[in-house]
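Subject: A structure for you to explore

Hi there,

Here is the structure I promised to pass on. Have a look around in your viewer first, and then read my notes below.

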Amino acid sequence: MVIPKFICIPLLILVPLIILFSESKEEDFTVPPSDEEVAQKVESWKATRPSLKEVELVSLVKDKDPSEEEKKSEGSKPEKEVIVNDALKGIDLDVSPGLNHFQGMKAERLKGIAKQLDPDLYPELVYLANERILDSAPDSSVGDRHDAGEYLRQNGRPLWNPEASTRMPVKVNLNVEASHYEKAKVFSPTLESAIFFGSGGTVEATVIVTKVEKAQNSISLTGKNSTDEVAVVSISDTEKMVVNAIQQVVTQTVKDNKLPILHTDKIHYTYYTRLTWLKLAKSL
């Protein structure tokens, strides 16, 4: 038997309404449930879903807001002081610098000066800052001096004294055994040029190569006076041997004459500053 649609459809609507009315007539929907009732229902609901307890714990750990006490505690902590160092503070950028400009400053400030100054606007001051890292910064590291030396090598060293009549003459007396003699003579103009440009044109060097007995290699410098000869260890590479010899005699002369030059060791001779060469020549 098929129930007609005009009977079936009203039943589908009326039956749920009758059930809802009969089940809810004792309930008062205008009064909200108490906190205890809500808590009981929530706990009852969670009990049927135990996996949610772990999820809730993780969520609480991640999302927990700081308590008022924690906020107060954090608020009472002093903010970390940010110190901004201005390497140029107190430096007159308009003054005409001397060859010993920035002497005695520490490496960190000198590096800051070189970094803060525009090399296109203040090329001489940037150059001088790098030179002071090489010759007088009391705290400069080997790495600092290497970087400063590379800057000098890559950027043309300006002539400080282009006037030939005022240059300081220095003779480099290079005594070498027969196996090095010819190569040393060929290399001597390169050495003279390196000292001239390395000194910014303040020192005019003349290299005199003399042949001596085997194992009698030595080097000395002559200005108004001559330095003591410094023994030079013979190696197969003549040019490297000469470079080592220059380093030895410069280091020894700076030490003996107590010049205000702190760093001369382990730096290629072309990295010596203009001030180093000038002080060296004047001390002879």
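First, some housekeeping. This is a predicted model, where local features need pLDDT of at least 70 and side-chain atom pairs count only at pLDDT 80 or more, while totals for chains, interfaces and linings use all residues. Residues are numbered from 1 along each chain as its sequence is written, and side-chain values use heavy atoms, with hydrogens and water left out.

**The overall layout**

The protein has 10 helices and 4 strands. Helices (H or I, at least four residues) and strands (E, at least two) are DSSP runs, numbered from the N terminus. Starting from the N terminus, the order of elements is α-α-α-α-α-α-α-β-α-β-β-β-α-α. Of the 284 residues, 36% count as buried; buried means under 20% relative accessible area, exposed over 50%, and partly exposed in between, with a 1.4 Å probe and protein chains only. Among contacts (heavy atoms within 4.5 Å) with a separation of 6 or more, 71% are between residues 24 or more positions apart.

**Back to Ser199**

You will find Ser199 in the loop between α8 and β2, and it is buried, with a relative accessible area of 0%. Ser199 and Arg157 are 42 residues apart in sequence, while their C-alpha atoms are 8.7 Å apart in space.

**Salt bridges**

Side chains of opposite charge can pair when their charged atoms come close. A salt bridge here is a side-chain nitrogen of Lys or Arg within 4 Å of a carboxyl oxygen of Asp or Glu. The structure holds 7 of these salt bridges.

Another salt bridge joins Asp135 and Arg132, at 2.8 Å from N to O. Both residues lie in helix α6, 3 residues apart, which is about one turn of the helix. An α-helix has 3.6 residues a turn, so residues three or four places apart point the same way. Asp135 and Arg132 are both buried.

Glu204 also forms a salt bridge, with Arg167, and here the closest N and O atoms are 3.4 Å apart. Glu204 lies in strand β2 (residues 203–212) and Arg167 in the loop between α7 and β1 (168–177), so the pair ties together parts that are 37 residues apart in sequence. Glu204 is partly exposed, with a relative accessible area of 35%, whereas Arg167 is buried, at 17%. Finally, salt bridges that share partners join Glu108, Lys111 and Asp144 into one network.

**How helices pack**

What angle do α6 and α7 pack at? The angle is about 140 degrees, with the axes 8 Å apart. Axes are lines fitted to C-alpha atoms, for helices over the stretch in contact, and angles run from 0 to 180 degrees between N-to-C directions. α6 and α7 are therefore oblique to each other; angles under 35 degrees count as roughly parallel, over 145 as roughly antiparallel, 65 to 115 as roughly perpendicular and the rest as oblique.

For a second pair, look at helix α8 (residues 178–198) and helix α9 (residues 238–256), whose axes come within 9 Å and cross at roughly 60 degrees. That makes α8 oblique to α9. On the α8 side, the residues that meet α9 include His180, Phe187 and Leu191.

Enjoy exploring!
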